[in-house]
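Student: I am new to this structure. Can we go through its backbone together?

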Amino acid sequence: MAPTPGGNRRTRIHVVSDVHGNARDLARAGDGADALICLGDLVLFLDYADHSRGIFPDLFGVENADRIVELRTARRFEEAREFGALLWSGIGSDRAAAIEKAVRKQYAELFGAFPTPTYATYGNVDMPMLWPEYAGPGTTVLDGERVEIGGWVFGFVGGGLMTPMRTPYEISDEEYAAKIEAVGEVDVLCTHIPPEVPELVYDTVARRFERGSRALLDAIRRTRPRYSLFGHVHQPLARRMRIGATECVNVGHFAGSGRPWALEW
């Protein structure tokens with residue numbers, strides 16, 4: 001945990017989300033800060049900006065990655081699933097093993113890049129069951145939990161909500177709302193997905209509305225945290241806005257920018 005400031009000492013936190021394989025910049029993301037916060041999506045499955053990067057093109061090639069992105073961007077999800085199923089059929093029963101092997105390779109590099117201390121929660125493309133194997137003693141994993149940093153209370157809720165994309169860590173609205181409720185009143189509410197506000201959930205490059213959380217929006221209005229920090233939407237219409245007393249900030253897409261968002265008090 002970052003030291004509690006004494007006298008005039010200030011606390012500085014760096015926050016990242018949607019790392020998507022960017023271990024090089026992640027290794028420097030905590031420079032000059034008392035702690036790093038990571039809001040998930042460490043894994044790079046498929047880079048929508050560069051289709052040659054990620055687990056999918058490594059397994060199936062760039063041409064097939066181009067096609068799957070084209071179908072998903074056009075919201076032709078059923079065709080995308082059928083096309084994906086055809087590709088995966090070539091791997092057969094080893095699909096889960098192939099994905100896990102690739103994810104493990106990325107996690108070994110990414111968790112190794114985390115500075116001490118790091119506070120992290122899961123993104124929707126992450127595999128929580130693997131995190132205990134890679135999170136070292138300097139990394140605290142939180143989901144539906146709170147921690148005090150520099151005299152402020154931070155609450156963490158990881159994962160995403162159910163979508164046609166069927167990413168690895170999607171949960172029901174009810175389970176997500178229960179985690180929001182468990183966190184309660186905090187100074188900073190840290191989540192992977194944004195509150196359900198059109199300007200915050202629409203991705204201008206993917207050209208679709210991502211899933212935000214109504215329970216998170218309700219909690220922001222009810223408990224009035226100083227900040228709501230999140231990622232998930234890589235190129236939103238609005239990167240920040242105020243909801244009542246709360247400053248809402250999209251701190252992704254770290255994979256593209258390589259720069260953390262800084263919070264100081």
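Tutor: One definition comes before the rest: buried means under 20% relative accessible area, exposed over 50%, and partly exposed in between (1.4 Å probe, protein chains only). This is a predicted model, in which local features need pLDDT of at least 70, side-chain atom pairs count only at pLDDT 80 or more, and totals for chains, interfaces and linings use all residues. Residues are numbered from 1 along each chain as its sequence is written, and side-chain values use heavy atoms, with hydrogens and water left out.

Student: Is R224 buried or exposed?

Tutor: Look in the loop between α9 (214–223) and β12 (227–230). Helices (H or I, at least four residues) and strands (E, at least two) are DSSP runs, numbered from the N terminus. The relative accessible area of R224 is 53%, so R224 is exposed.

Student: What is phi of R224 near?

Tutor: R224 is a residue other than glycine. Its phi is positive, near 55°.

Student: Where does R166 lie?

Tutor: R166 also has a positive phi, near 55°. R166 counts as exposed because its relative accessibility is 61%. Its place is the loop between β7 (160–161) and β8 (170–171).

Student: Which residue does a cis peptide bond join to T116?

Tutor: Omega of this bond is about 0°.

Student: What is omega near in the peptide bond from G252 to H253?

Tutor: H253 lies in the loop between β14 (246–250) and α10 (254–257). The bond from G252 is cis, with omega near 15°.
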